Amino acid sequence: MTVASVPSGEADDILVVDGLRHSYGETLAIQDLSFRMQRGEIFGLLGPNGGGKTTLFRILSTLLAPTAGRASIGGHDVVREPQEVRRQIGVVFQAPSLDVKLTVRENMVHQGHLYGLHGAALDARIDEMLGRVAMRERADARVETLSGGMRRRVDLAKGLLHRPALVLLDEPTTGLDPGARLDLWSYVSDARKRDGLSVLITTHLMEDAERCDRLLIVERGRIVALGTPDALRESVGGDVIVARTRDPEALAVAVRERFGEDASVVDGALRVRRARGPEFVPQLFDAFPGQIEAVSVGKPTLEDVFIQYTGHRLWDGEA
Amino acid sequence: MMDTLIRPTMTLWQREIIRFYRQRSRIVGALATPILFWLLLGSGFAGTFHSGSESGGVGYAEYFYPGTMIMVVLFTAIFSTISVIEDRKEGFLQAVLVAPVARSTVVLGKILGGTTLALGQALLLLAAAPFLGLRLGVGDLVLIVAILFVVAFALTTLGFLIAWKMESTQGFHAIMNLVLIPMWLLSGAFFPASGASGWLRAVMFVNPLTYGVAALRRSLYAGTVSVGPDVPTLAISIFVTCGFAVLTFLAARSLASRPLDIGLA
């Protein structure tokens with residue numbers, strides 16, 4: 001492997017997606033996706049449910065062949081060279097892929113055997129990886145006796161066991177309490193620092209999105225935005241005014257008529273995005289006396305970015 | 001070869017065995033049910049079963065013995081392939097499918113695991129042979145074990161074929177009651193073909209399991225008692241049983257090589 005020493009930008013791309021398209025029968029799940037991911041990057045994939053995230057994840061993990069277009073990982077095509085790609089990637093699925101009847105160590109041994117590792121080298125690797133996620137003491141426990149957070153950590157250690165160049169994480173922090181989520185991120189950053197690991201993560205959580213180097217927002221199978229969290233926030237610009245009121249729908253209509261502002265209702269509150277937000281607040285109170293219960297002004301968050309580009313909240317609580 | 005084929009297959013095989021021993025109810029269910037059948041039906045039919053030329057002049061307990069063994073094999077094979085559905089639900093299967101191993105490894109590991117368990121359970125029942133007055137030589141035993149292995153392999157593969165695309169274990173049970181149990185009932189395990197009506201005999205003739213039961217019956221009772229008319233010869237039985245195993249395996253490998261769209265959302 002000399003790829004890492006080639007200085008050209010192309011070779012540094014761990015993942016290249018080019019004109020990727022997939023349809024399930026008549027339904028187009030993703031269309032003409034093209035993007036590149038650099039080595040060592042933490043790359044976030046954001047999108048509403050059914051937006052094509054899962055389809056892309058399955059294509060990249062070699063479980064699904066795209067209808068058209070190409071995707072290559074570490075220079076290997078996901079369709080033509082699936083075995084090469086599989087050696088390059090570690091996959092952590094949304095639901096932990098552990099055998100609950102087996103112990104942590106047994107799960108790791110099987111994983112190692114599937115990836116061509118064995119013997120003393122495998123044992124040492126297992127100890128190291130379990131140590132990194134602080135699960136070494138529980139190595140001989142059956143997985144069914146572990147908490148959700150512990151299973152997630154073991155699953156991550158399992159996905160990283162063969163030292164993949166790229167790890168694909170599908171909603172890895174779902175169902176974790178904030179402490180466990182923080183831990184998981186520290187293990188991921190640690191692996192990136194130590195091994196130069198590249199990380200592709202799908203998520204619907206702001207905290208996860210904030211930690212990514214770059215974010216790709218997909219909706220209805222198309223890329224709607226791609227950039228660093230800061231750049232995306234700047235692209236939205238202005239201030240965001242959120243006002244609580246008894247009838248937000250009626251107020252939104254009134255604000256649109258009166259001020260010509262782009263007012264919407266999100267989460268039962270009126271939301272207006274415009275330049276010089278603080279100046280707008282007194283105007284709002286003057287125009288609708290007694291109707292506004294509370295108001296806040298802030299810079300756009302990633303949530304606002306997401307709403308701006310997709311018209312949805314990132315997480316609508318269902319599904 | 002070792003790293004990419006044998007060790008991955010062995011590791012998946014080993015997992016099946018470990019899982020089995022950690023779910024003791026499965027051992028009991030797969031073994032106790034057929035033995036209970038054997039004892040109850042064997043003694044229940046003892047009076048009405050005409051031990052004439054149709055059954056080869058043996059009592060029903062003796063007649064039903066090879067059929068019971070095949071039933072043990074069938075039950076163990078079926079229950080071990082139900083885990084294909086569980087593996088998919090629990091996500092274990094996805095992790096195996098993204099590992100750099102050939103699909104035939106995934107198929108073979110699973111099937112050899114189920115085959116080993118089915119064979120092991122059948123051998124426990126074989127230990128009852130002396131109580132039936134059967135005197136089996138080393139050569140007989142080798143042949144019997146080989147036949148049981150091939151039958152176990154074929155039935156486990158059949159279970160795998162059914163389970164692979166199945167979304168629920170309930171669906172699997174429905175197929176089991178609709179297809180696999182009748183397949184066993186009409187294999188000569190339960191009653192001889194010679195006493196059956198014309199269309200039933202035709203079904204029994206094309207049922208591949210008929211030949212597995214016949215091979216086992218002939219090798220168990222070789223030289224001691226006559227097995228009766230209409231039981232295929234040993235050579236034909238072995239040939240058909242091996243063919244059945246090869247065909248089901250090729251079908252399973254081809255099925256598993258196709259993308260799996262169900263339940264991976």
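Begin by selecting A:Asp99, B:Arg15, B:Glu16, B:Arg19, B:Glu86, B:Asp87 and B:Lys110, which are linked in a network of salt bridges (a salt bridge being a side-chain nitrogen of Lys or Arg within 4 Å of a carboxyl oxygen of Asp or Glu). This is a predicted model, in which local features need pLDDT of at least 70 and side-chain atom pairs count only at pLDDT 80 or more, whereas totals for chains, interfaces and linings use all residues. Residues are numbered from 1 along each chain as its sequence is written, chains are lettered from A and ligands numbered from 1 in the order in which they are written, and side-chain values use heavy atoms, with hydrogens and water left out.

**The interface**

Next colour helix H1 (2-22) and helix H4 (92-97) of chain B, the elements that give two or more residues to the side of chain B that touches chain A (helices, H or I with at least four residues, and strands, E with at least two, are DSSP runs numbered from the N terminus). H1(B) gives the most to that side, with 10 residues. By class, the side of chain B that touches chain A has 16 nonpolar, 5 polar and 8 charged residues (Ala, Val, Leu, Ile, Met, Phe, Trp, Tyr, Cys and Pro count as nonpolar, Asp, Glu, Lys and Arg as charged, and the others, Gly among them, as polar).

Now show both faces: 29 residues of chain B are in contact with 29 residues of chain A, contact meaning heavy atoms within 4.5 Å. The two chains bury about 2,700 Å² between them, 58% of it on carbon and sulfur atoms, where buried area is the accessible area (1.4 Å probe) that two parts lose on being put together, summed over both. In chain B, select B:Arg22, B:Val98 and B:Pro100, which lose the most area to chain A, together 26% of what that side buries.

**Chain B as a whole**

Of its 265 residues, 54% count as buried (under 20% relative accessible area, with exposed over 50% and partly exposed in between, for a 1.4 Å probe and protein chains only).

**Stops in chain A**

Select A:Arg36 and A:Asp13, which form a salt bridge with the closest N and O atoms 2.7 Å apart. A:Arg36 lies in strand E2 (residues 27-38) and A:Asp13 in strand E1 (residues 13-24) of chain A, so the pair ties together parts that are 23 residues apart in sequence. A:Arg36 is partly exposed at 35% relative accessibility, while A:Asp13 is buried at 11%.

Move on to A:Arg105 and A:Asp127, whose side chains meet in a salt bridge (3.2 Å, N to O). The pair links distant parts of the chain, with A:Arg105 in helix H3 (residues 104-114) and A:Asp127 in helix H4 of chain A.

Finish at A:Arg220, in the loop between strand E9 (214-219) and strand E10 (222-227) of chain A, where phi is near 45 degrees, a positive value in a residue other than glycine. A:Arg220 is exposed, with a relative accessible area of 65%.
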